[in-house]
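Here are my notes on the model you sent over. Have it open while you read, and I'll go through it point by point.

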Amino acid sequence: MDARSRMEKAQAAGLIVAGEPLAVDLADTIITSTDPATDLLPDEATCRLWWGLQQDRLPDEAATPTLAVTVELRSAVRELLDAQVAVTVPDPAAVAYVNEVAARVSATRRLEHTRSGWTTVTAHHATANRRYDIALGAVTDSLMDLLTGPAHDRLRRCQNPVCSMLFVASDARRRFCTQNICANRTRVARHYQRHHRG
Ligand SMILES: [Zn+2]
């Protein structure tokens, strides 16, 4: 799925951000700037829909996690990403939780020879009846790749003060999570101030 259609489908389901790295997309399923926080995954159906939007980024063997385990991992991921943006020390319990989830999955590579040459196929393994751990493991992989990879210092929080969405800025000038929601809202506010002042 390309980023644009992933975003359109996600927004149709009431989400705001999609198409960021998998871990960031999961962290962005909660609005932490409202009091109380607004959970964009309020029920199992929306949770399944969210995983469905990510299906092409998950190993074939992955089953869909329940809302409870999804939200539990999300809270650890969000903690680590928020700490990364704020340049604060992350909660060691969140780090431990991410590592515990990651350890539930193993991957093996198999060599195959095809008419066009050599290729490898990666198989993912989890405990029987827990194939959803493979989906959760894809999130922890994404998180580890982001925090240790070249984009680790491009993780940002949306500049809209009422928005808490995180994104990876591939363009250094990018300030908002979404063009159609946050960037426009600010433009609209600025426009209003210019034309209705006094
Ligand atoms: Zn935003």
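1. Start at Met165, which sits in the loop between E5 and strand E6 (166-168). A word on labels: helices (H or I, at least four residues) and strands (E, at least two) are DSSP runs, numbered from the N terminus. This is a predicted model, where local features need pLDDT of at least 70, side-chain atom pairs count only at pLDDT 80 or more, and totals for chains, interfaces and linings use all residues. Residues are numbered from 1 along each chain as its sequence is written.

2. Is Met165 buried or exposed? Met165 is buried, because 25 other C-beta atoms lie within 10 Å. The cut-offs: buried takes 20 or more other C-beta atoms within 10 Å of a residue's own, exposed is 12 or fewer, and partly exposed is in between, with C-beta atoms placed from the backbone. Leaving out neighbours within four places in sequence, Met165 is in contact with Ile16, Val17, Asp28, Cys158 and Cys177. Contact here is C-beta atoms, placed from the backbone, within 7 Å. Also have a look at Ile30: it is 135 residues from Met165 in sequence, but the C-alpha to C-alpha distance is 8.2 Å.

3. Now the whole chain. The protein chain has 7 helices and 6 strands, in the order α-α-β-β-α-α-α-β-β-α-β-β-α along the sequence. The C-alpha trace spans about 70 × 40 × 35 Å along its principal axes. There are 198 residues, and 29% of them count as buried. Of the contacts with a separation of 6 or more, 55% are between residues 24 or more positions apart.

4. Helix H6 deserves a point of its own. H6 has 17 residues and runs 25 Å from its first C-alpha to its last, close to the 24 Å expected at 1.5 Å a residue; that expected span is 1.5 Å times one less than the number of residues. Its buried residues are Asp133, Ile134, Ala135, Leu136, Gly137, Ala138, Val139, Thr140, Ser142, Leu143 and Leu146. The cover over them includes helix H2 (22-27), helix H3 (44-53), H4, H5, E4 and strand E5 (155-157).

5. Why? Asp141 is partly exposed, because its count is 17 other C-beta atoms within 10 Å. Asp141 and Met1 are 140 residues apart in sequence and 20 Å apart in space, C-alpha to C-alpha.

6. How do H4 and H6 lie relative to each other? Their axes come within 11 Å and cross at roughly 0°, so H4 and H6 are roughly parallel. The contact uses Val69, Leu73, Val77, Leu80 and Gln84 of H4 and Tyr132, Leu136, Val139, Leu143 and Leu147 of H6. Those residues divide into 9 nonpolar, 1 polar and no charged. For the terms: axes are lines fitted to C-alpha atoms, for helices over the stretch in contact, with angles from 0 to 180 degrees between N-to-C directions. Angles under 35 degrees count as roughly parallel, over 145 as roughly antiparallel, 65 to 115 as roughly perpendicular and the rest as oblique. Ala, Val, Leu, Ile, Met, Phe, Trp, Tyr, Cys and Pro count as nonpolar, Asp, Glu, Lys and Arg as charged, and the others, Gly among them, as polar.

7. Next, the hairpin. E3 and E4 pair in the antiparallel sense over 9 bridges (pairing takes at least two DSSP bridges between the strands), and 2 residues make the hairpin link from E3 to E4. Among the bridge partners, His113 goes with Trp118 of E4 and Leu111 with Thr120 of E4. Strand E3 (residues 106-114) has 9 residues and the number buried is 0, so E3 lies largely in the open.

8. Last, some backbone spots to check. A cis peptide bond joins Asp35 and Pro36, with omega about 0°, and Pro36 is in the loop between strand E1 (30-31) and strand E2 (38-39). Val87 is not a glycine, yet its phi is positive, near 50°; Val87 is in the loop between helix H4 (67-86) and helix H5 (92-102). Asn129, also not a glycine, has a positive phi of about 70° and lies in the loop between strand E4 (117-125) and helix H6 (132-148). Val87 is exposed, because 7 other C-beta atoms lie within 10 Å, and Asn129 counts as exposed with 8 C-beta neighbours inside 10 Å.

Conventions
Two residues are in contact if their C-beta atoms, placed from the backbone, lie within 7 Å.
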